[in-house]
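Welcome, and please open your viewer. We will go from stop to stop, selecting a few residues each time and looking at what is there.

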Amino acid sequence: MQNKGLIWTFIVLLSLACLYQLSFTWVASGVESDAKEMANGDPKAEERYLDSMSAVEVYPVFGFTYAEAKKNELNLGLDLKGGMNVTLEVSVEDVVKALADNSKDEKFAEVIARAKELKRESDEDYVTLFERAWNEKAPNTKMTSIFYTLENKDRIERSATNEEVIAFIGEEAKSAFDRSFEVLRTRVNLFGVAQPNIQKLDASDRILVELPGVKDKDRVRQLLQGTAKLEFWETFENQEVYPVLAEANDKVRSLLLGDKAEDVSVVDSTVADSSVIAEANEVIEEAAIAADSTTEELVGSEVDDESLTDLIAEGESADSLGQGQLSAEEFAKENPLFAVLTPAIFQNEQGSYSPGDGPVVGFARISDTSKVNEYFRMEGVQALFPSKLRLLWTAKAYDEAGQVLQLIAIKVNNRDGKAPLEGDVITDAFQDFSPMGGRPEITMKMDAVGAKEWKAITKSNVGSSIAIVLDNYVYSFPNVNQEISGGVSSIEGDFSIDEAKLIANILKAGKLPAPARIVEEAIVGPSLGQEAISSGLSSFLIALVIVLLYMIFYYGKAGIASDIALLANLFFVLGVLASTNIALTLPGIAGIVLTIGMSVDANVLIYERIREELASGKGARLAIEDGYKNAYSSILDANVTTLLTGAILWFFGTGPVEGFAKTLVIGIFTSLFSAIFITRLIFAWRLDNKKEISVSTPWTKGAFQNLALKFVDSRKKFYIVSGILILVGVGSFVTKGLSYGIDFTGGRTYLVRFDQEVNTADVRKSLDNAFVTADGVNLSSEVKTFGNADQVKITTSYMIDSDAATADEEVEVKLAEGLSQMGLDYEIMSSQKVGPTIADDIKSSSVWAILFSLIIIFLYIVFRFRKWQYGLGAIVAIFHDVLIVLSIFSIFYGILPFSLEIDQAFIAAILTVVGYSINDTVVVFDRIREYLNLHKKSPMNETINNALNSTLSRTINTSLSTIFVLLMIFIFGGEVIRGFAFALLVGVIVGTYSSLCVATPIVVDLANRSENKLKK
């Protein structure tokens, strides 16, 4: 074997890289195990411990903190650890209305209404649909009559054509979408969950948000769907506020100690203030984790106590506490507020302390902000603060480590409590560079009304700061150097270019509001996630053991080599997943487990070739060399076709489909490398050390040899069997149809577990009385047993078309009302919402995915085999397999005791069946091509029969190993994935049958027909 050193080097480097990436998971899990042990069942204590470890170095040698290890660990999907997955659709319709200055023109209203209708039927972007609607409803009307406004006159000419106006609308819509994305990303990053994910969905007005581990779904909906609120506020100076904070600190201590307050010795205020700062300056260097915030009356942001708890500062020096020599615990008892909020007080050259300049009144670790807010809300503490004072946290961390926030003192001068200036006056904002020094800054432009108000505000605040606030977070608080007239301002600060662009986008967010509406939502409870991990892991381990044992049973010592390669393959797959931060989902586990079954295919192909070479009398070394060489063509073709299917799944799929595709694609690459190179190295090592190599055992030696099955001669029988199955399926389609999930119909589903077995009819009756439309119509819900009799899946279309922001909450209230009539305790394990437009998009993308995969596969086979008959035979076999799987699902839904719904996971299964079927078919075709080239003078039918019989051992072994794997998923993988596994199981069996009994006979018949035509 050539280049052994290079291959060994690559394997070692790849192994080290995977080990390094997976080590973060091991380190983070170790800390979490310590937390569980320490907490002894108390979740709050567990969270406090983990928060305390956030900034502690827990990774020896490399020095990573727990927070950093957690960020780099293997990312689990929402279905495995619980959380919320939301797809938001940005309302470009509102952007268009705003560009038209909310015109009341009747024609414009008709165009908007028509565009809305088209949007329900199409997944094209809104601006394209708006143009189409305009051409239908107002074909002879110039768009400038609506869109040439006072604010737009600098952007479009009065004489602009409709095409130019549409281009302008498209630019503004994209800009508004980007701004909405930036606002949502900021909100998500401040939400306080580990490994949040937000991304734009290609070619749509939609944004995907994933929040693992989130619990308060109502707050998530409110936060994500709220329109950005941009405000400009005047500020207090720190020295004006600090005395109030000192009083608040004393008041909090008094309230916490209650009757014992009188007995507490109070440290001299001067000393206390000094100790606070000395202590805090050390703490600021310590870390905190990202926070999640909501608005309060006094404190503009509040961190979720459920997800963020107080950090325990390490190594806080008692010596820094001054005369009192107080310990950290004693200091916190004496100064509860200042223990978590560091006042903005600094030491001067004379050694004394005084409040700093500007509106910053304090600093807090992000995890401590919830405690600060709690203290400020205490009865008696609020009364100490002036009515004009409002405190807001900054959106951006103050320190480089991103762990400390500043608290800003906002001045409320208006009686109605509103900001003196809001974002609707902004006409433009962009990142620029200052003339002096070329540092990044933001240029902001206002309309006439805003310019007038801005002039007045800046005039009265020269030397003070103006706070720029979005969603009650302070993004910047620049100092006013002089009165600003004309409405054009430059905001300077210590900005990077990216930060300046972000703030510019935020400033523009107030100009064209583009509210986002949730059109798809999936929520998985933590208990269901834990069950999914357990069941997925069980099926994974059982399937792995069965495949490992089977390979040893059939191939002996060569089987041990393939097992080593298989384990290495799994290690590489997990390492790549960890390094790319691709989430491992339940379908992803299925993809890995299926990779186990399919990855043995390459080894089976190689070993069967080696057995043939040994049977022909070649020595071990030459047989191994020729066996690998002769197997490469089949391995390449089989894996390329499966890879093409996986790539199409990845491109078209979302959610579970995409998760499955990612692991499948990664698994194909790693399994190819492991099966070919690692086993070859093991064989080379054994040969070099003169050790015996066997590719069979006493039980399997000679298996499948000397077979003479008449596949080609029996093709009419196969046609009849397949035809009967398909006809029965078509009859079932016509009379019974398919059980479509909400992915294709739209609606809401809830997986509910009761404390005892329930009757689905009783649950349905209770819900029918709750789900009543405004017209008084009782909407019937679909209730099915899901797994055990104490668990049901509820599907309803109630309020699915509602655009109200509170629609989801209203449906859940009605659901609770209906379920409460059962008089039983219950838990909502998971829920899913799919809007009608999303359902339509899923349908179209699924159809395109299947059609596109068939076209690509056909073209590849024609390219590789140089005959269209092979391509057509493979495509017919694929259609055959898909039709039979659909037929089985139609015939048996409602009969078999598990879900047979047609949903996104089913589409993933169908495309996997396509990939597997074509994999098997290509291997068969490859052997037929080889035999036809070797035996050109033999009758074609006889040659093809011999080719099929020679490849039968590979076909059976690969199919059996894959079926073993899928059977384990089906039995042990849990109810959520059982229908998915069943579709794959049926598909693999049918795919194996079709490659031998359908695809090949069709190629024979097509070839015979072509020859007959040529003879004529």
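Before the first selection, a word on names: helices (H or I, at least four residues) and strands (E, at least two) are DSSP runs, numbered from the N terminus. This is a predicted model, in which local features need pLDDT of at least 70 and side-chain atom pairs count only at pLDDT 80 or more, while totals for chains, interfaces and linings use all residues. Residues are numbered from 1 along each chain as its sequence is written, and side-chain values use heavy atoms, with hydrogens and water left out.

**Stop 1: Arg114**

Select Arg114 and Glu117 in helix 6 (residues 106-121); they are 3 residues apart, so about one helical turn separates them. Their side chains form a salt bridge at 3.0 Å, N to O; the term means a side-chain nitrogen of Lys or Arg within 4 Å of a carboxyl oxygen of Asp or Glu. Glu117 is partly exposed at 38% relative accessibility, where buried means under 20% relative accessible area, exposed over 50% and partly exposed in between (1.4 Å probe, protein chains only).

**Stop 2: Arg748 and Asp808**

Which side chain does Arg748 meet in a salt bridge? Select Asp808: the N to O distance is 2.9 Å. Arg748 lies in strand 18 (residues 747-754) and Asp808 in helix 25 (residues 807-820), 60 residues apart. Arg748 is buried, with a relative accessible area of 2%, and Asp808 is buried at 4%.

**Stop 3: a network**

Select Arg609, Glu612, Arg927 and Glu930, which salt bridges link in a network. The whole structure has 33 salt bridges.

**Stop 4: helix 15**

Select residues 448-460, which make up helix 15.

Key: Expected span 1.5 Å × (residues − 1).
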